[in-house]
Amino acid sequence: MSANARDDLRVYEDEHFTADQCGTCAVAGYLIVRLKGQATSLAGLDPTSAGRLGAMLARAARAIEEATAAERVYCLAFAEIDPRLHFHLFPRTRAVLEAYRAATGTVGEPVNGPKLFEWARTAIVPGRPLPPGIPDVGSVCARLRARLRGGAAGAVDTPGSR
């Protein structure tokens, strides 16, 4: 278990990756996928590791879509606070979008994903009441564990397997 994650937030782990529900944002299904080891650059990954990573990110995004009914799954990599290579997979659900638009007065405007992401990370946090329609983290983590348990991260899904 990483020092960056709590046991109850871990939804997946294998020899190459961990996937944890974000502990500082209460948007259920917001996962942080970390590569094990010390990689700090996507460009520095060998082809096998890069392929495994792509398969893991696709698999995690699919699990998030299924567990949360996300309309979009944002994928972000900053590696500023923690320089090791890791990815934020953020479910932009209808409920999150409606809460964002209500809070920011942006109803009818095009969605600005980076602003929505930053708003959610500061507004939908543990200890505050959840906006309407946003599920609790525990129930979604259980669904994610069940979905991610069924197969290897390196497995390649075929178009008809979804």
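Student: What percentage of the 162 residues in the chain is buried?

Tutor: Happy to start there! This is a predicted model, where local features need pLDDT of at least 70, side-chain atom pairs count only at pLDDT 80 or more, and totals for chains, interfaces and linings use all residues. Residues are numbered from 1 along each chain as its sequence is written, and side-chain values use heavy atoms, leaving out hydrogens and water. Buried means under 20% relative accessible area, with exposed over 50% and partly exposed in between (1.4 Å probe, protein chains only). For this chain, the buried share is 44%.

Student: In what order do the elements run from the N terminus on?

Tutor: Helices (H or I, at least four residues) and strands (E, at least two) are DSSP runs, numbered from the N terminus. The chain has four helices and five strands. Their order is β-β-β-α-β-β-α-α-α.

Student: Which residues of H4 are buried?

Tutor: Helix H4 covers residues 137-149. An α-helix has 3.6 residues a turn, so residues three or four places apart point the same way. The buried residues of H4 are Val140, Cys141, Leu144 and Leu148.

Student: Why do the buried residues of H4 line one face of the helix?

Tutor: Look down the axis of H4, taking directions from the helix axis to the C-beta atoms. The buried residues line one face because they fall within an arc of 105 degrees.

Student: Which residue caps the N-terminal end of H4?

Tutor: Look for a side-chain oxygen that lies 3.2 Å from the backbone nitrogen of glycine 138. The residue that supplies this oxygen is aspartate 136.

Key
Expected span 1.5 Å × (residues − 1). Polar contact = N/O pair within 3.5 Å; in protein donor to acceptor, adjacent residues only side chain to side chain.
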